[in-house]
Amino acid sequence: MKKIIHRSLRLNLIRILSQSVFVGVIATASLVSSVWILNSKAYAQNPSTVTANEVTSYAKTMLTMEPLRQQAFDEIKQMIGSKDVPQIVCNDKNSFNNLPNKAKDIAVNYCQRYQEVVTDNGMTINRFNQITVEVQNNEDLKRQIYNTLLRLQKK
């Protein structure tokens with residue numbers, strides 16, 4: 001009986017952790033969409049089919065970057081103290097203006113790393129942005145990415 005309860009608790013914990021990672025990833029995707037998208041109107045008007053390989057690449061990118069995003073955010077928050085961390089938009093250098101120099105360096109390094117991870121996972125920034133916009137409005141795609149995230153985390 002104890003083994004059944006222990007296994008059930010472990011499975012519930014895994015499910016809860018997976019869901020929290022997914023929520024974090026979707027939140028990150030929302031932030032990324034505001035960060036790198038240069039012309040969201042064009043992307044929103046021309047939704048395209050997302051392939052299984054793209055879903056996997058997208059999920060791998062999000063899994064890689066989420067801990068790095070949290071780390072960068074925590075480091076910047078520590079530097080600026082009790083103030084709220086301003087929105088940082090990678091393609092808008094003005095969004096870095098309110099950050100102390102060391103925090104700017106962290107934000108720039110984070111943005112550069114994100115671009116590297118996207119391309120290392122076989123995607124272009126434009127295609128990544130298109131999928132980010134589409135995932136916000138497409139429940140089926142959101143579910144596909146969620147399932148892929150779960151599968152990748154189990155490996």
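Predicted model: local features only at pLDDT ≥ 70, side-chain atom pairs only at ≥ 80, totals over all residues.
**View 1. F96 in its loop.** F96 sits in a loop. On one side of this loop is helix 3 (52–80), and on the other is helix 4 (101–120). Is F96 buried or exposed? F96 counts as buried, because its relative accessibility is 7% and the cut-off for buried is under 20%.

**View 2. F96 and A107.** How far apart are F96 and A107 in space, C-alpha to C-alpha? The distance is 7.7 Å. Along the sequence, F96 and A107 are 11 residues apart.

**View 3. R127 in helix 5.** Helix 5 covers residues 125–137, and R127 lies in this helix. The relative accessibility of R127 is 13%, so R127 counts as buried. Which side chain joins that of R127 in a polar contact of 3.0 Å? The partner is the side chain of Q130.

**View 4. The chain around these close-ups.** The chain has six helices and zero strands. Its pattern along the sequence reads α-α-α-α-α-α. The chain has 155 residues, and 39% of them count as buried. Take the contacts with a separation of 6 or more: 73% of them are between residues 24 or more positions apart. The accessible surface of the chain is about 9,800 Å². Carbon and sulfur atoms account for 53% of that surface.

How values were computed: Residues numbered from 1 in each chain as written. Heavy atoms only, no water. Helix = DSSP H or I, 4+ residues; strand = E, 2+ residues; numbered from the N terminus. Buried < 20%, exposed > 50% of the residue type's maximum accessible area, 1.4 Å probe, protein only. Contact = heavy atoms within 4.5 Å. Areas by Shrake-Rupley, 256 points an atom, 1.4 Å probe, with all protein chains shown as cover. Polar contact = N/O pair within 3.5 Å; in protein donor to acceptor, adjacent residues only side chain to side chain.
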